[in-house]
Amino acid sequence: MTNNFNVVWSGPKLDGKLDYNYWQIMMSTHLKAQNLWSSIDSGLSEGADANSQRRDQLALGQIHQGVDYSIFGLIANAKTAKEAWDTLKLSYKGVDRAQKSKLQSLRRLYDRCEMSSTETVEHYF
């Protein structure tokens, strides 16, 4: 069975003015309708077959089409659709509570790290 995917995103573009939540709902529905959502949901597994890789690249292409040029730079280096999706999500929604808590504790730990004047760099590390 041959899969022919010739899909063009005709919805609103994420441009910094458009509400991210609105765009996310529209884009996820679009990707689900095109049977491409699995690339976002589960990601591309290592050693994936050619069809899965193609579907992932199609999903990535749809995400590229769904963002304005001013936003594209955020995801230009993403190799997979999931990577692009997660980058946009992090950029617009930020980190969740658990991640914030971990980040804060790591910042506190970093702030407490200080090399004394009698320590060598080797000993400090």
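Tyr20 is buried, since its relative accessible area is 5% (buried means under 20%, exposed over 50% and partly exposed in between, with a 1.4 Å probe and protein chains only). The model is predicted, so to speak of local features takes a pLDDT of at least 70 and side-chain atom pairs count only at 80 or more, while totals for chains, interfaces and linings use all residues. Residues are numbered from 1 along each chain as its sequence is written, and side-chain values use heavy atoms, leaving out hydrogens and water.

Now look at what Tyr20 stacks on. Its ring centre sits 5.3 Å from that of Tyr92, and the planes are at 5 degrees, so the pair is stacked (rings of Phe, Tyr and Trp, the last by its six-membered ring, pair with centres within 6.5 Å; planes under 30 degrees apart are stacked, over 60 edge-to-face, the rest tilted). Tyr92 is partly exposed at 30% relative accessibility. Tyr20 belongs to helix 1 and Tyr92 to helix 5, so the pair links parts 72 residues apart in sequence (helices are DSSP runs of H or I, at least four residues, numbered from the N terminus).

As for the two helices, helix 1 (residues 20-33) and helix 5 (residues 81-93) pack at about 160 degrees, with axes 11 Å apart (axes are lines fitted to C-alpha atoms over the stretch in contact, and angles run from 0 to 180 degrees between N-to-C directions). They are therefore roughly antiparallel, a label for angles over 145 degrees.

Definitions and conventions. Parallel < 35°, antiparallel > 145°, perpendicular 65-115°, else oblique.
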